[in-house]
Amino acid sequence: MPTCEDGFFEYLSSIDCSDVEVYAIPEGYVVFPKVPLMRIEGPVAVVQLLETPFLSLVNYASLVTTNAARHRLVAGKSKNLLEFGLRRAQGPDGGISASRYSYMGGFDATSNVAAGRLFGIPIRGTHSHAFVSSFMGLDEITDKALTSSDGSNKCEDFVSLVQNWLTKIQDGSSLHGTFGETSQSELAAFTSYALAFPNSFLALVDTYDVMRSGVPNFCAVALALNDMGYKAVGIRLDSGDLAYLSVETRKFFHSVEKDFGIVGFGKMNITASNDLNEETIDALNKQGHEVDAFGIGTYLVTCYAQAALGCVFKLVEINKQPRIKLSEDVTKVSIPCKKKCYRLYGKEGYPLVDIMTGEDEPGPKIGERLLCRHPFNESKRAHVVPQHVEELLKCYWPGKSSKSREELPSLHEIRARCIQHLERMRPDHMRRLNPTPYKVSVSAKLYDFIHFLWLNEAPVGELQ
């Protein structure tokens, strides 16, 4: 038996969002619990249909961007962060989204070529272990010629040039006796890769043995490329003691620079991967390492530390009547009525507090003393004299109204905004261990109204 009348489906096919208005905090801003990320106005039936798509779009995006920003904070500004998570993401859609929002949160590049094409994110990556182990020896390389970077000459046997450099490294004054015979199949893989990509040669050096084979073989190929006017990018470490191996590799690079006078070789890029997360990067920092870039996958895109973000969609006003959702858990009590939200800055330029006011209340003014109250805790309150006031909710979909609409910035602009807003935050709010909670408040008038409505809506118990 049908559970819906035909007219209901006809209604669904006829509705649109022309009567809906959407206000949101601009993408890339730092946000805090209880402050509305979005305010949706319109016919209740239409707006209710938007709950699931809006929450689906906001929750994962905010979670991944936050996770990326946390990894950036622990890694520091000087390190390159590479998103390597596509194979571990929650399906292809999750993988594409993760690449976009990781970049927004402060990562520098992705291994996801599709995301690079769609969003203009820089692409970085290396060959696989399978590529290295697929080679048996140097005799498998049939096309051995390489033209110099400026096109002025051509090396007909690049393989021999690589072999000659490997012998020179073995006999060098600094490195003599530090390694024996290297893996010739690995050397063949590196040489073949360099012939194909002489401008972007970055080798994965841990297929067999990092210090006895991978690094020497890489250096031989890199020095041969240098003879032809190319500059190798560096190496990637994907297993083992990353702190120790990176330090030893850096010493090896400096020895090559010293022995052969190749200026800058000691600063060759070292990338590390292998299930990295905030804790392992923090541990590497404390141990001391020589890693220049981190490739992070699983823990980034799956948000392993927190699997989901709990954004909710609540009715706060209908037909100009404020509504409230109550709960025994005070953190789940909603803040009623149509609101404006502001960020108040202090004299040092840091955000001090976010404050919510009723729609009809005058906004905070620079230099004017203002009482900010915790929404639910009566004793938590403070006077603030803001030096700068920023209204947070902007109109992105005006519907049929004549309100001006905010233009959507590019991904690169949003990324820059995200980094800028993170840098504005006071350091004690951002520390990993015991951060100072950021204050979220309401105006005195809104505080009084919340508690008035709360008492009106909460049933009165009866004891017998």
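**Group meeting: a walk through one predicted chain**

Hi everyone. Let's start with residues 83–332, where the chain is 42% helix and 10% strand and the end C-alpha atoms sit 34 Å apart. Helices here are DSSP runs of H or I with at least four residues, strands are runs of E with at least two, and both are numbered from the N terminus. In UniProt, an unreviewed entry lists 83–332 as "domain: Nicotinate/nicotinamide phosphoribosyltransferase"; feature names are shortened, positions follow the numbering used here, and annotations may be inferred rather than shown by experiment.

Some housekeeping. This is a predicted model, in which local features need pLDDT of at least 70 and side-chain atom pairs count only at pLDDT 80 or more, while totals for chains, interfaces and linings use all residues. Residues are numbered from 1 along each chain as its sequence is written, and side-chain values use heavy atoms, with hydrogens and water left out.

Now to helix α8, residues 184–196. Its 13 residues reach 18 Å from first C-alpha to last, close to the 18 Å expected at 1.5 Å a residue (the expected span is 1.5 Å times one less than the number of residues). Of those 13 residues, 10 are buried, meaning under 20% relative accessible area, with exposed over 50% and partly exposed in between, for a 1.4 Å probe and protein chains only. Among the buried ones are Glu 186, Leu 187 and Phe 190. What do the buried residues of α8 pack against? They pack against α6 (129–133), β5 (146–147), α7 (158–171), β7 and α9, with contact taken as heavy atoms within 4.5 Å.

Over in α9, residues 210–227, we find Asn 217. Asn 217 counts as buried because its relative accessibility is 0%. Leaving aside neighbours within four places in sequence, Asn 217 touches Leu 166, Thr 182, Ser 183, Glu 186, Leu 187 and Phe 190. Its C-alpha is also 8.6 Å from that of Val 162, 55 residues away along the chain.

Next, the second largest pocket, with a volume of about 950 Å³. Grid points are joined across faces, edges and corners, and the volume is the space filled by probe spheres set on the points. Of the 38 lining residues, the closest to the centre are Phe 84, Ser 111, Gly 125, Thr 126 and Arg 236. Which element gives the most to this lining? That is β10, with three residues.

Most residues other than glycine have a negative phi. Cys 303, in the loop between α12 and β11, has a positive phi of about 50 degrees. Cys 337, in the loop between β12 and β13, has phi near 75 degrees. Both are buried, Cys 303 at 3% relative accessibility and Cys 337 at 9%.

Finally, helix α15, residues 444–457. Its buried residues are Leu 446, Tyr 447, Ile 450 and Leu 453. Seen down the axis, they fall within an arc of 135 degrees, so they line one face of α15; the arc uses directions from the helix axis to the C-beta atoms. The face turned away carries the exposed Lys 445, Leu 455 and Asn 456. Thanks, everyone!

Methods
1 Å grid on protein atoms, 1.4 Å probe; cavity = no way out; pocket = protein on both sides within 12 Å on 5 of 7 lines; lining within 4 Å.
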